[in-house]
Amino acid sequence: MVVPAGIGRAQLLNGDFATGDLTGWCISNTVGSMTEYGLETGGTRVGQVVFFDTVGTGMLVNSAQFQVGQTGGLLGASSPPQGIVLYQYVPLSPGWLTVSLDIAAYSGSRNGDAGTFQLLLDGNVMATEAMGFIDFHATTRSSLYYEGAITGGTHQIAVDIRRAGSFAPDTPYEFLANFQVAVVPEPPVTQLVVVGGCLVLLFRCIRTPMTGF
């Protein structure tokens, strides 16, 4: 993902995972409802940064790697998915917000659920990608993107990653890369009105024939 020219990056820390670890990020387990097997909770067997072709360009990039799923209890694939939330609190200026990241899943075996990724803003789901079935030694790639007006202040930006079922030796891996957050100031309404008025006058001048003396 590339942030368009003229847009300033917000204060997202380590969005490209260039430190080689998860510095600047927090991880929390998802928590579901109580079942006959116990409380539905999530987690990950892996939480690290590795080199992986998350984008699909053939180039290895720093990527956050996870292996999420249901933990605690004898629960099968029909159980509500559980996993983790990776998040950061980011100070943002008021304006027009864009958030983007590349995502991928890899599995060494055939699996019915490669993971569901959700982009969250202040706990609200802004974008979702369900990877679904994944084949032997296959990689599935996609991206998450959101844009919209944002008020100034500190906001939580997060990715929720979940899978149904319990851990197994061949549980798929999930990857994140190129996490970018940017805000461009929105022009004041008065400026837009003035610019719009000037354009209208210019158009009228072009349409009006010139008369001689």
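**Briefing: a predicted protein model**

The protein contains one helix and 12 strands, where helices (H or I, at least four residues) and strands (E, at least two) are DSSP runs numbered from the N terminus. This is a predicted model, in which local features need pLDDT of at least 70, side-chain atom pairs count only at pLDDT 80 or more, and totals for chains, interfaces and linings use all residues. Residues are numbered from 1 along each chain as its sequence is written, and side-chain values use heavy atoms, with hydrogens and water left out.

**Overall organisation**
- From the N terminus, the elements follow the order β-β-β-β-β-β-β-β-β-β-β-β-α.
- Of the 213 residues, 41% are buried, that is, under 20% relative accessible area with a 1.4 Å probe, protein chains only.
- Among contacts (heavy atoms within 4.5 Å) between residues at least 6 apart in sequence, 77% join residues at least 24 apart.

**Nonpolar core**
- A nonpolar core is a set of buried Ala, Val, Leu, Ile, Met, Phe, Trp, Tyr and Cys residues joined through side-chain atoms within 4.5 Å; the largest one has 36 residues.
- Phe66, Leu97, Leu176, Phe179 and Val181 have the most contacts inside this core.
- Elements giving two or more residues to the core include β5 (61-71), β7 (95-107) and β12 (173-184), and β7 gives the most, with five residues.
- Beyond its neighbours within four places in sequence, Phe66 contacts residues including Leu22, Val46, Ile84, Ile161 and Leu176.

**Confidence**
- The mean pLDDT, the predictor's confidence in each residue from 0 to 100, is 84, and 77% of residues reach 70 or more.
- Over residues 2-6 the pLDDT is below 50.
- Residues 190-195 also stay under 50, and the model has one contact for them beyond four places in sequence.

Terms used. Buried < 20%, exposed > 50% of the residue type's maximum accessible area, 1.4 Å probe, protein only.
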